[in-house]
Amino acid sequence: MKLRPLAIALLTLNCSGKAYATEAQSELDYYQELPVVLSASRLSQPLSEAPNAMTVIDRKMIDASGFRSIPDLFKLVPGMYVSYYKGNHAFVGYHGSPDQYARSMQVLIDGRSVYMPPLSMVDWSTLPITMDDIERIEVIRGPAAASHGANSTQGVINIITQGAGDVNGATVSVKRGDKGVNDVIARFGKRGEMLDYRVSLANISDHGYDNLNSQPGNQTNPAFIGIGTLNNSFDDNRSRMLNYRADYHPNGVDNFDLQFGYNHNVKNVGWTDSPANPIHDLYANSGFLQLGWTRLLEDNSELSLRYNHIRYDQHEDFLTAMIPQSIHQSVNSARDEIEVQHTVALTPANRLVYGAGYRYDQVASQLSSLAPIAPAAASSINSAEWRVFAHDEWRITPSLLINTGGMYERDRLANEKLSPRIAFNYHFTPHHTFRVGTSVAYRTPALMETNLPAVQPGELFVMNATATSQGIRPERLISREIGYIGEFVESKTRLDMRIFSDLVTNGIFWSGATSTFVNLMSAEYQGFEATIKQSFNENSELTINFAHELASSNGPALAAAGYGTFRSAAPWTNDALSASIPKNSGSLLYSHRLNDALIFSASYYQQGMMQPFDRGATDVQMMQKRTDMRLAHPFRIRGESKGELALVIQNLFNRGYTEYVANNLFNRRGYVTLTLKW
């Protein structure tokens, strides 16, 4: 008798599973409208079956946003923080702004990691890729070290470019506008029977924040009494780039992928009021080569092999007024990486992907003599890392899916660590899914943290091979989340919600007491995120994002003990980490095709009050409110689509606000784009 309730429950589950399968198949057409993602588990999955919360920015959203800078696109991701240390130095983070480097965010382009030593950051202005090359962007909101290893503790951005066969013909785009915007992009490609290729050439330039005056942060704070307006530094940016991709498919089972790119970048750095770091040019050359091979095996499994080489060089020459003396310094970085991966269906209900990777980094820096302050210095560091990974997707019933996986890796500091993850996805109807998951992730210290900078006059970091932070360990993060994805068929609405709790231990920070980096910080992040996508009809769509986040740390206690300056200058909290996260933020993007000759889109972005973690009271950011608009006129010649004329106005209502540094005033600006195709 005691077994009877269990038997009834099992029978009910079995029947509901059959009912689910029938209903799911009958509504398959609509169900396939959910985005299919690759980044979360390295398996192709609909968004509702991924083990992480994800945001997909597709080509339609990219066009509707009107953005000309890739980092700005992440304003469309709930919980993301996008800002600028200078107009030519963007950074993208999650959970606020610990500093201008965002070292906890992994960034990939077609699976290739583009964060580079010595800062473990992404220099967005030197990426050899244009906005027009992007097919879509998959953003993992939360740790994904189980799939992508160290530096994935906050999340992963995977920029997926257009295939070589997606471009057939030629396109030229010219952009002109405020702040010295002067862009020219040319693209051409051809599809063939066995070989497809595409080429992009671009010249991108602007004047950054254009040397405008701005008020310092929170004007009600007594710290600002007597402080007048601040003046922007010069922050021009000029890039010339090439991007090439070719796909060779000689038969039905093999595909060979070749990609390479190059970017020559010149940006203004330094400050008008700094004798040690005056205004000067910083030169950067970045390039990459990527080779890939994919084979479909006889058992319908897939084997892939990828190799890439990345090169990133910077140098600067300037005259310091401290001696005075002419200074030259340079940093050269290179990375070679190889990865093999096998994807196989073990049973109709179970899929497995597993593989291994090896990475070799080389970094060299050089500084001319700065006597008597610092002698000439040269240093070089080579490091190797390896990893093995596996992820299993097991469909226990038609409605219950379990994603399990992990990555075991040995980093450049000889730390061996395992980053596991498990997630349960339960479809209680074909269009409504709950997800519960937990994972562990680590962040390997950057060279900046283990090999202290000898000099950092501009944005360029020169290593000191002898001064090291002894015993520094990787940061550790434990994440837990509950998510829901609902599709409301009749109203053509999709709702994606997530609540999360992330606990960081061994947090790395600069200790004034020991003049080195140490592992003493602990922090907790909690929050709620939501995305609503509403499709009114085939010509009209609305996307709304919202995030509510809170954070706390042991920073005040560490400050009291003399370890660092963690006390916030913000009037609402004494915890600098808590103050660095906007409590509420959100975005709205609406696009509508009025007719064949006119497309309208509008967007709104709001960010709550905050103070960047490593900035002073002057840089407290008030609430940001910004409205953008785009109006495009596609035109035809002899009945064929031949181009588009578009007008973009950013910060339409001119609600001037500052970004990260109080000097950076963002006021109204606009530009016009003419695109021709043939």
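Among contacts in the chain between residues at least 6 apart in sequence, what share join residues at least 24 apart? The share is 62%, where contact means heavy atoms within 4.5 Å.

This is a predicted model, in which local features need pLDDT of at least 70, side-chain atom pairs count only at pLDDT 80 or more, and totals for chains, interfaces and linings use all residues. Residues are numbered from 1 along each chain as its sequence is written, and side-chain values use heavy atoms, leaving out hydrogens and water.

The chain has 7 helices and 37 strands. These are DSSP runs numbered from the N terminus, with at least four residues for helices (H or I) and at least two for strands (E). Of the 678 residues, 57% count as buried. Buried means under 20% relative accessible area, exposed over 50%, and partly exposed in between (1.4 Å probe, protein chains only).

Now look inside. The largest nonpolar core has 36 residues. A nonpolar core is a set of buried Ala, Val, Leu, Ile, Met, Phe, Trp, Tyr and Cys residues joined through side-chain atoms within 4.5 Å. Elements giving two or more residues to this core include helix H3 (59-65), strand E4 (80-86) and strand E9 (155-161). Phe 74 is among the residues with the most contacts inside the core. Leaving aside neighbours within four places in sequence, Phe 74 touches residues including Ile 57, Met 80, Trp 124 and Ile 157. A second, separate core of 14 residues includes Val 504, Phe 509, Val 518 and Leu 558.

Val 388 lies in strand E21. Val 388 is partly exposed, with a relative accessible area of 39%.
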